[in-house]
Amino acid sequence: MKKALKTTFLTMVCLFGLLMTAGATPIDDLIERIDKGGSRKFKIELKQADKDYFELDQQGSRVVIRGNSWVNIGVGLNWYLKYYAGVHLSWNQMQAKLPNVLPPVTKKERHETGLTLRYAFNYCTFSYSMAFWDWERWQQEIDWLCLHGVNLPLAIVGEECVWRNMLLKLGYSEEEIGKFIAGPAFLAWWEMNNLEGWGGPLPLSWYARQEQLQKKILKRMKELGMHPVLPGYCGMMPHDAKERLGLNVSDAGLWNGFQRPANLVPTDERFDEIAKLYYDELTKLYGKADYYSMDPFHESGDDASIDYAASGRKLMDAMKRVNPKAVWVIQGWTENPRPEMVDSMKAGDLLVLDLFSECRPMFGAPSIWKRGNGYKQHQWLFCLLQNFGANVGLHGRMDQLLNNYYGSSNAVKTWSEPSGIGFTMEGSENNPVMFELMSELPWRSQKFTKEEWVKCYIKARYNIENTDIEKAWLLLSKTIYNCPPGNNQQGPHESIFCGRPSLNNFQASSWSKMKNYYDPASTLEAARIFLSGAEEISNLKSQISNLNNLEYDLVDITRQALADQARLQYQHVIADYKAFAVEDFRKSSERFLHMLLLQDSLLATRAEFRLGHWTQPAINCGTTPEEQQLYEWNARVQITTWGNRYCADTGGLRDYAHKEWQGLLRDFYYPRWKAYFDALLAQMEAQTKPQPELLGGGPNANKTASELFAMALPQEVKIDWYALEEPWTLRHNGYSAQPEGDALQMSSRVMKFLLERQ
């Protein structure tokens, strides 16, 4: 009997322990993923309220976090961790060791917001950042969303599974489907009606993988009370749908050299049938949604043959038949949403993402995209785009973000106030400071200065006060993180290392619109000061539980300083070439190449800046050697040539998603610059010898005087860049994601190199 009682008692103790570990609420579970056993230190209280809020309180030794939704409680948890416990969770680290005894909340703290809709993701994010994520990585991202207040996440993983099932029922073969649906690294642009088939065909195992992954994603999002935004039907069909199915489709033409899918004309008698087939397959796999994302006519010119109002109503009607209460989410980008579509829909049926609110708002602030009447009767979200192509680089518009956000409610009286905010970055895992700032705006009712906020951010991110670290961040906030109004550049200040070489190299990608807006000396000085603070802090390492954020930022800031100084060094190289100073050119070009390799070594110290961080997950997705090679090729092509020769060069897509990463610098960018400098040097050396080709005899006998004169002028060397680049995309040499070297020591080495040559 005693043995039985003892067994029962032990069983009850174990069950209680399991309950405590597993967590009584979704937030307890989240805390357990941050720090196993940490949920015992908190008391989570879900309370009804008329307004979104979170509240921090104390009950004995436990910290109390209250809120009217799991997501709002998640915001409260993040607020507490940052501003009480000195724990800053970000993409570079979503786990932490919490203090044994949590700092108490000595006075109840409450925050409210009227911005009830808080959205996340751009279609591009799913390819530029998430193309090869597994469930473990997605789980961390959903935790990040909750901690940052997102309750309306775009959820398009596995959309290709819906389309495959739909097209099979329409009579398409697996081979035909493979020519239509894009590969893993290019699915976003297929989903946005920009291209067909590039990067494919997808193996059947991919569909099975993504279907299961999406189901896990949706389950977790719903457990946290989020409303996933599923992809709706916007009329896309394979470009051969007219011949194949006899449908009335409009030819969308080309997108940067790629064949675009066709648009099914809404008046076609089979439109409702095909839309229903799509939604049936979507619902069968992933259930119904309260929000559907559709972006018809994305990045396409106006077509007089299209009735945009009728098209919009048709798409809306098809969506409403699935869920009468559903809302259509559409991106406010270039021409979209077309005014005719906006006018033809009822208030409450359309939610517009003002995609680039911090730079090109359509809501009424001075902007090249300003719309006089805004989005009229429809709800809209103030969004932060911040990053294009997931490019690496420090960048932000702190003052402009604050001014646009706090002025959005009264900039134009014909506009309604925003219903919320959105993170609409093309790529994530960069510039955490900007996303942290954006996430707090709904919960701060009064406008504040960037200087005030940055000081708080530093304390939260590193959990230590240091004068040098503060000076460095304040300098960055006034320079590279304060891109001014009127500058419309897309994303980070691009690295000179990543651009195709030329005599006038400035931006790496075709459409970055990059302009100088800060003195490169400022990032060098910020890196110098930050390093000084980091060295001081590292001496106190025994007193600090986690130096991860500090080391990440040290490498990122030093990387930016080196890239900016390399841009100046490039100017010296070109000046030496134009001055025909051959020996000086040799030295200056060698120094530039040394700086490039130095950057590679610096970035090797952090996994986040290593090429293997991108390519290895791609390879891991494959179940056969053939699949692994396909996925690795997708990963390599996207960050380099992007497309085939025509799309890369004539279409302008090359280097759009360039990355300043270890491995890529050494093996892709270095050979380009080396080939270019060798060609310039060969040209200079040739010019010291007789040049019979410039004489009028022989093959030049029939040339005009002006043609001969043009031949005598300085010539840009001609290199077939695509022929130099494509072979790298076809290789299978491995790249590790494991860091090598010491971040502090390598940063110190870089800084010593830069400063001793000032």
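**Note on buried rings, a covered strand and cavities**

1. W190 is buried, with a relative accessible area of 0%. Buried means under 20% relative accessible area (1.4 Å probe, protein chains only). This is a predicted model: local features need pLDDT of at least 70, side-chain atom pairs count only at pLDDT 80 or more, and totals for chains, interfaces and linings use all residues. Residues are numbered from 1 along each chain as its sequence is written, and side-chain values use heavy atoms, with hydrogens and water left out.

2. Rings of Phe, Tyr and Trp (its six-membered ring) pair if their centres lie within 6.5 Å; planes under 30 degrees apart count as stacked, over 60 as edge-to-face and the rest as tilted. W163 is in helix α6 (residues 159–169) and W190 in helix α8, 27 residues apart. Helices are DSSP runs (H or I, at least four residues), strands likewise (E, at least two), numbered from the N terminus.

3. F180 and W190 also form an edge-to-face pair, at 5.9 Å and 80°. F180 lies in helix α7 (residues 174–180) and W190 in helix α8, so the pair ties together parts ten residues apart in sequence. F180 is buried, with a relative accessible area of 3%.

4. The charged end of R164 sits over the ring of Y207, 5.2 Å from its centre. For R636 and the ring of W728, the distance is 4.5 Å. The rule asks for NZ of Lys or CZ of Arg within 6 Å of the ring centre and within 35 degrees of the ring normal.

5. Strand β5 (residues 117–120) is covered on both faces. L117 and Y119 are buried on one side, R118 and A120 on the other. β5 pairs with strand β17 (residues 420–423) in the parallel sense over four bridges. Strands pair if DSSP finds at least two bridges between them. L117 has G420 as its bridge partner in β17.

6. There are four cavities of 30 Å³ or more. A cavity is a set of points on a 1 Å grid over the protein atoms alone where a 1.4 Å probe fits but cannot get out; lining residues have an atom within 4 Å of a point. α9 gives the most, with four.

Key: 1 Å grid on protein atoms, 1.4 Å probe; cavity = no way out; pocket = protein on both sides within 12 Å on 5 of 7 lines; lining within 4 Å. Points joined across faces, edges and corners; volume = space filled by probe spheres on them. Buried < 20%, exposed > 50% of the residue type's maximum accessible area, 1.4 Å probe, protein only.
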